[in-house]
Amino acid sequence: MVKAYIKVFILLVKKDIVIMARRWQELAALTILGVSTSIPVAYLISGPQALLFEDADAYTVIATGQLLEMFIIGILAGFIAIVREAEKHTLDGLRLSAIPSEIVFIAKLVFIEILMLILSITYIFVTAVLSNMWQIININYLATVVASTVYFSAASALTAFIIIYVESRGLFAAVVLAGFIIPFMQQSGPYLVEASMGLYAITGIVGIVGSGVVFSVLATYLAKFLSEI
């Protein structure tokens, strides 16, 4: 039974990846959006009339831009992975199948996580190139960003499952997702700033991963009831 569930899970994730590959324009648009977040950040740091002259301030702006980028991608990825399927009623087909709702939710979460990782790492490299702040490409910052995407992906997936039942989805998605992630951003923000400087804080990464895992479990549990409405 477990092997069957794993096989179904892989097929669901693969299905979303194949669909995204066919609609490469959406991935390109998301990439452009991530890059567009890097531009103002780089301008503040190293533009012709740079407004920031202290390295500490520059790292803070980079980390803030990173969180903003993940927030925006979280909203859009939820629409692409879940809301669109609900509108086309293909999500209803999954609900009526013998596939447990938890498997469906986790598959969607993992797909959003893949998108979040690709676009978050793109933000890092583009920001480094445009601002000439190559210091942010370090293992500590990359690990902290990867850890942060776990929570963001779970929040994005849960938000998408909630908003499929309302009409003003765009506005409601931003409000609900903000409510989920603001406490997390307050926790992870300082660690992202330190990590961007190359500083290593194992307690920070453990705390971020722990928050992401706990919230993912809670979101999966709540999604089960949302799927039965």
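**View 1. Contacts across the chain.** Of the contacts in the protein with a separation of 6 or more, 82% join residues 24 or more positions apart. The model shown here is predicted.

**View 2. Helices in order.** The protein has 8 helices and 0 strands. From the N terminus, its elements read α-α-α-α-α-α-α-α.

**View 3. Burial and surface.** The protein has 229 residues, and 46% of them are buried. Its accessible surface is about 11,200 Å². Carbon and sulfur atoms hold 73% of that surface.

**View 4. The largest nonpolar core.** This core contains 59 residues. Inside it, the residues with the most contacts are I62, I82, F105, Y141 and F152. Two or more core residues come from each of α2 (24–46), α3 (55–87), α5 (101–131), α6 (139–163), α7 (169–196) and α8 (202–227). The largest share belongs to α3, which supplies 16 residues. In soluble globular proteins, nonpolar side chains tend to be buried together.

**View 5. Surroundings of F105.** F105 is among the residues with the most contacts inside the largest nonpolar core. Neighbours within four places in sequence are set aside in this view.

**View 6. A separate core.** Another nonpolar core lies apart from the largest one. This core has 5 residues, including L12, V13, I103 and A107.

How values were computed
Residues numbered from 1 in each chain as written. Predicted model: local features only at pLDDT ≥ 70, side-chain atom pairs only at ≥ 80, totals over all residues. Heavy atoms only, no water. Helix = DSSP H or I, 4+ residues; strand = E, 2+ residues; numbered from the N terminus. Buried < 20%, exposed > 50% of the residue type's maximum accessible area, 1.4 Å probe, protein only. Contact = heavy atoms within 4.5 Å. Areas by Shrake-Rupley, 256 points an atom, 1.4 Å probe, with all protein chains shown as cover. Core = buried A, V, L, I, M, F, W, Y, C linked by side-chain atoms within 4.5 Å.
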